[in-house]
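Please look over the sequence and the structure first.

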Amino acid sequence: MDQIDTTMSERVMDYERVKAARQEASPEDELQRLATIYRVLGDPSRLKIVMALRREEMCVCDLAALTGISESGVSHQLRRLKDLSLVKARREGQLIYYALDDKHVVLLLDIGLRHVRE
């Protein structure tokens, strides 16, 4: 993978720069996972839910009331978020509370918000 396609040689300006970029490039499976996370967060309904969970855990009925999405709709979206390990669930009696699964998600949201607000 250190070699550059010689058929494109007249179009490559800096072989060393291309070689360094290839060495630093993320593996395909990481890129696919990252693209999936951004795609999931790109849905307005899921983004509303994730934004609501930035500060504290909430149950489905509270998320439905806050977002204006039906409880079954919220549950469906939470299932997608849980499949990607973006949210986690905790049962308390008959209620299930959802929270963000790690602080990296909060960082993604905070950086995105700062970018949009600038």
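In which strand is Ala89 found? Ala89 belongs to strand 2. The model discussed here is a predicted one.

## Ala89 and its surroundings

Ala89 has a relative accessibility of 38% and counts as partly exposed, because the value lies between the 20% limit for buried and the 50% limit for exposed residues. Leaving out residues up to four places away in sequence, Ala89 touches Lys82, Ile96, Tyr97 and Tyr98. Pro27 is 62 residues from Ala89 along the chain, and the C-alpha atoms of these two residues are separated by 30 Å.

## Overall form

The protein has six helices and three strands. In sequence order they follow the pattern α-α-α-β-α-α-β-β-α. The radius of gyration is 20 Å, well over the 13 Å that the globule rule gives for 118 residues, so the protein is more spread out than a compact globule. The C-alpha trace spans about 65 × 30 × 20 Å along its principal axes.

Of the 118 residues, 29% count as buried. Taking contacts between residues at least 6 apart in sequence, 47% join residues at least 24 apart.

In soluble globular proteins, nonpolar side chains tend to be buried together. The largest nonpolar core in this model has 23 residues, and the members that touch the most others are Leu53, Leu63, Val74, Leu78, Leu81 and Leu86. At least two residues of this core come from each of helix 2 (28–41), helix 3, helix 4 (60–67), helix 5, strand 3 (95–100) and helix 6 (103–117).

Leu63 illustrates the contacts of one core member. Not counting residues up to four places away in sequence, Leu63 touches Ile49, Ala52, Leu53, Met58, Val74 and Leu78.

## Helix packing

Helix 3 and helix 5 (residues 71–83) have axes 10 Å apart and pack at an angle of about 80°. The two helices are therefore roughly perpendicular to each other. Helix 3 contributes Ser45, Arg46, Ile49 and Val50 to the contact, while helix 5 contributes Val74, Gln77, Leu78, Arg80 and Leu81. By class, these residues are five nonpolar, two polar and two charged.

How do the axes of helix 4 and helix 5 cross, and within what distance do they come? They cross at roughly 110° and come within 9 Å. Helix 4 and helix 5 are therefore roughly perpendicular to each other. On the helix 4 side the contact is made by Val60, Cys61, Leu63, Ala64 and Thr67, and on the helix 5 side by Glu71, Val74, Ser75 and Leu78. This contact has six nonpolar, two polar and one charged residues.

## Two loop residues

Arg54 lies in the loop that runs between helix 3 (44–52) and strand 1 (58–59). Is Arg54 buried or exposed? Arg54 is buried, because its relative accessible area is 17% and the cut-off for buried is under 20%. Apart from its neighbours within four places in sequence, Arg54 is in contact with Leu100, Val106, Leu109, Asp110 and Leu113.

Ser85 is placed in the loop between helix 5 and strand 2 (87–92). With a relative accessibility of 35%, Ser85 counts as partly exposed. Most residues other than glycine have a negative phi. Ser85 is not a glycine, yet it has a positive phi of about 60°.

Key:
Residues numbered from 1 in each chain as written. Predicted model: local features only at pLDDT ≥ 70, side-chain atom pairs only at ≥ 80, totals over all residues. Heavy atoms only, no water. Helix = DSSP H or I, 4+ residues; strand = E, 2+ residues; numbered from the N terminus. Buried < 20%, exposed > 50% of the residue type's maximum accessible area, 1.4 Å probe, protein only. Contact = heavy atoms within 4.5 Å. Axes fitted to C-alpha atoms, helices over the stretch in contact; angles between N-to-C directions. Parallel < 35°, antiparallel > 145°, perpendicular 65-115°, else oblique. Nonpolar A, V, L, I, M, F, W, Y, C, P; charged D, E, K, R; others polar. Core = buried A, V, L, I, M, F, W, Y, C linked by side-chain atoms within 4.5 Å. Rg over C-alpha atoms; globule rule 2.2 N^0.38 Å.
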